[in-house]
Amino acid sequence: MPNTRARLLVVLVVLCGFLCGSPAAGAPPAAGATAVPGSLWFDGSPLTVRDGRFTDAHGREVVLRGYNVSGETKLEENGGLPFASVADARKSATALRALGGGNTVRFLLSWAHAEPARGRVDTAYLAAATAQMGAFLDAGIRVYPDFHQDLHSRHLFDPDSWYTGDGAPKWVVDAGDYPDEFCGVCPFWGQNITQNEAVKRASYDFWHNARGVQDAFLTTAEKTMAYVRQHLTPGQFAGLAGFDPYNEPHPGLLAPGQTSRTWERDVLWPFYERFRARMDAAGWQAKPAFVEPNLFWNANLDFQRQEGGLLDAGRLGPRYVLNTHFYDQKAISGVFMWGKADDGQYAGDFGAVRDRAAAAGTPGIVSEFGHPLSGTVSDKAPTVLKAMYQALDSRLPGARWWADPAASGPVLSGTQWQWDIYHGRHHEPMNGNPGKVLTAGDAWNDEDLSAVRLDDDGTAVLRQDARLLDRVYPSATAGATLAFTYEDRSRDGSTTLTWNPVPASLPDVARLVGSGQYALLLWRSDGGPAPTELHLPASFPASVTTVVSDLGTAHAPPAYTPATPVGVAPEPGGTGARRLLLTTPDSGVPHFALVTNGATAPSAGLLAAARAELTAWAARTVS
């Protein structure tokens, strides 16, 4: 979480405008395909890792985008579950797809509630969690569960403490006989990681399996995974992307002579290998583990960064995915970055994730990123989040993208922190203290990062600019992505942020796009029958959606059929979300597609001129 790192630093210094084709359009459903509403013949296949990419059964390169669901799991008010009911989970899933544009969630689980007494797994908790996962899977949203923890456990903290944690059960803490929690001069909760002796010792004990606590966790994890597999339908289980074993690992204490890197090598990685074996035993053999390095490996302040990134683990793919978090510690501190984020702000930070994942032969995913939406640094949120999404899309600043798109790098997967429909409506007695009931924000350590809330009518509404969150992205590419960019035109107050304008050297493309949003994908085909697909935000209704591609041009594209090079269709799940589908039978051929909502009635001449400009530009810049 952001304050886990950044707050420490301060002290240290819907529906669309028309109906698309029938869900049955195209080839017949493949064997074992899901019954998710709106599914087409190529939907619903399991996700695997191949050649350093997420891929589906058709060999398409898959990008996971979405949110963490949710910080509510850290609280006691709903028994360590993200939702009070399956109905609420369905409401959240529908909104996440239709308003937030997500195709994936990181689904938080609580060890404390899964194993409330040593050796006793609470099947009622697992049943409720599995049913809530099913609500997202039935909406066509992929899920990767996460056994979450922060500061080891809430049971380390006194009822009158300033702070709280989550993760380990009470029996783990009781067995440890830890000192009374005390952090000294710690006005921010993340300082407990390195200054609270109870947290440090408890973390150390977990990693070194004191009293068999790690064994117990792994056994519970295996039983949890087995239960989930047995109680989801085969189609739902196909939608599980993998499992995140442990949130934001940190050694607590290093042994004499040990470094962060050797701790990863000698302690953390063997834990991941043990977890991987439990996944296999539970029937998750074909799904990857989403493994996180030391949480400080990619800190964006030199004096806090610790060497790591699972450097000594060798090639991770296909059984492991490099999973990391990123929060701008400088921006959140209020000290180390006075202004706002700008074009290319995080190109280097996210470039490091791309490079580390490539070296490990596996995809990279940024499973947490975000910024506070209230408080003294919340004015930075619109620019910080825009810059983070820009860095997920491409490793280049917008100012350089058109000149050298081939250097764009792979499109990164990511899940923003967080998506909590109960934001601002909590009722959480902090650390069980009835005299300290939290209701505001995320109701956890003064955090406020949820992108969504419920209005007074119980309707889910966004707390951030829809143009920022509901984005065009290549959810599945039939071949290899060569470059991608998206200019969202999101706003900072009344100011529209345009960091990647169409260059003056492409006047007809610039005229077509105008002041609208646009995305541009370049890819090399692989000859597969399944189409390339891009998510279409709600801001791209039929009447203003224009596509210019070497495959053809279209204003208000027609419904998808296998014989239609450029078409649209609903996204699976019946939420009203749509996608652009691009079909080509060739292999090894570069293609491009620009999609924009900037033109209401472009002429055939303008479409042809823009296509000619893009064709020449692509030939010059991408081989």
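**Notebook: salt bridges, a disulfide and a sheet**

**Entry 1. Arg 106 and its partners**

I began with Arg 106 and Asp 146, and I found that both residues are buried. The model I am reading is a predicted one. Which kind of link do the side chains of Arg 106 and Asp 146 form? They meet in a salt bridge, with 3.3 Å from N to O. Arg 106 belongs to strand E5 (residues 104-109) and Asp 146 to strand E6 (residues 142-147), so this pair ties together parts that are 40 residues apart in sequence.

I then looked up Glu 368, whose side chain meets that of Arg 106 in a salt bridge of 2.9 Å, N to O. Glu 368 sits in strand E9 (residues 364-369) and Arg 106 in strand E5, so here the parts tied together are 262 residues apart in sequence. Glu 368 is buried, as is Arg 106. I note a general point beside this: side chains of opposite charge can pair when their charged atoms come close.

**Entry 2. Arg 65 and Asp 393**

How many salt bridges does a search of the whole structure find? I wrote down 34. I picked out the one in which the side chains of Arg 65 and Asp 393 meet, at 2.8 Å from N to O. Arg 65 is in strand E4 (residues 65-69) and Asp 393 is in helix H13 (residues 381-393); the two are 328 residues apart, and the pair links distant parts of the chain. Both Arg 65 and Asp 393 are buried. I also traced a network of salt bridges that links Arg 65, Lys 386, Asp 393, Arg 471, Glu 487 and Asp 488.

**Entry 3. The disulfide**

I looked for disulfides next and counted one. Which residues does the disulfide join? It joins Cys 183 to Cys 186, with 2.0 Å from S to S. The torsion about the S-S bond of Cys 183 and Cys 186 is about -70°, so I recorded the disulfide as left-handed. Cys 183 and Cys 186 are both buried. For my own reference, a disulfide is a covalent bond between the sulfur atoms of two cysteines.

**Entry 4. Ser 92**

I found Ser 92 in helix H2, which covers residues 86-98. Is Ser 92 buried or exposed? Its relative accessibility is 0%, so Ser 92 counts as buried. Setting aside residues up to four places away in sequence, I listed what Ser 92 touches: Phe 83, Phe 136, Trp 419 and Ile 421.

**Entry 5. Asp 122**

I found Asp 122 in the loop between helix H3 (111-114) and helix H4 (123-137). Not counting residues up to four places away in sequence, Asp 122 touches His 113, Ala 114 and Pro 116. I also checked Asp 122 against Thr 220, which is 98 residues apart from it along the chain; their C-alpha atoms are separated by 9.7 Å.

**Entry 6. A sheet of five strands**

I turned to an open sheet formed by five strands in the order E16-E19-E25-E21-E22, with antiparallel pairing. Which strands are the edge strands? They are strand E16 (479-487) and strand E22 (552-555), and each pairs on one side only. The twist averages 15° from one strand to the next.

I looked more closely at one pairing. Strand E21 (residues 546-549) pairs with E22 in the antiparallel sense over four bridges. Ser 549 stands opposite Gly 552 in E22.

I then noted what lies across these strands. Helix H17 (residues 604-621) lies across strand E19 (518-526), E21, E22 and strand E25 (587-596), and it runs at about 45° to E21.

**Entry 7. Pro 565**

I ended with Pro 565, which is in the loop between E22 and strand E23 (566-570). The relative accessible area of Pro 565 is 35%, which means that the residue counts as partly exposed. Leaving out its neighbours within four places in sequence, I found Pro 565 in contact with Leu 551, Leu 581, Leu 582 and Thr 583. How far apart in space are Pro 565 and Leu 412? I noted 26 Å from C-alpha to C-alpha, for two residues that are 153 residues apart in sequence.

Definitions and conventions:
Residues are numbered from 1 along each chain as its sequence is written. This is a predicted model: local features need pLDDT of at least 70, side-chain atom pairs count only at pLDDT 80 or more; totals for chains, interfaces and linings use all residues. Side-chain values use heavy atoms; hydrogens and water are left out. A disulfide is a pair of cysteine sulfur atoms within 2.5 Å. Buried means under 20% relative accessible area, exposed over 50%, partly exposed in between (1.4 Å probe, protein chains only). Contact means heavy atoms within 4.5 Å. A salt bridge is a side-chain nitrogen of Lys or Arg within 4 Å of a carboxyl oxygen of Asp or Glu. Two strands pair if DSSP finds at least two bridges between them. Axes are lines fitted to C-alpha atoms, for helices over the stretch in contact, and angles run from 0 to 180 degrees between N-to-C directions.
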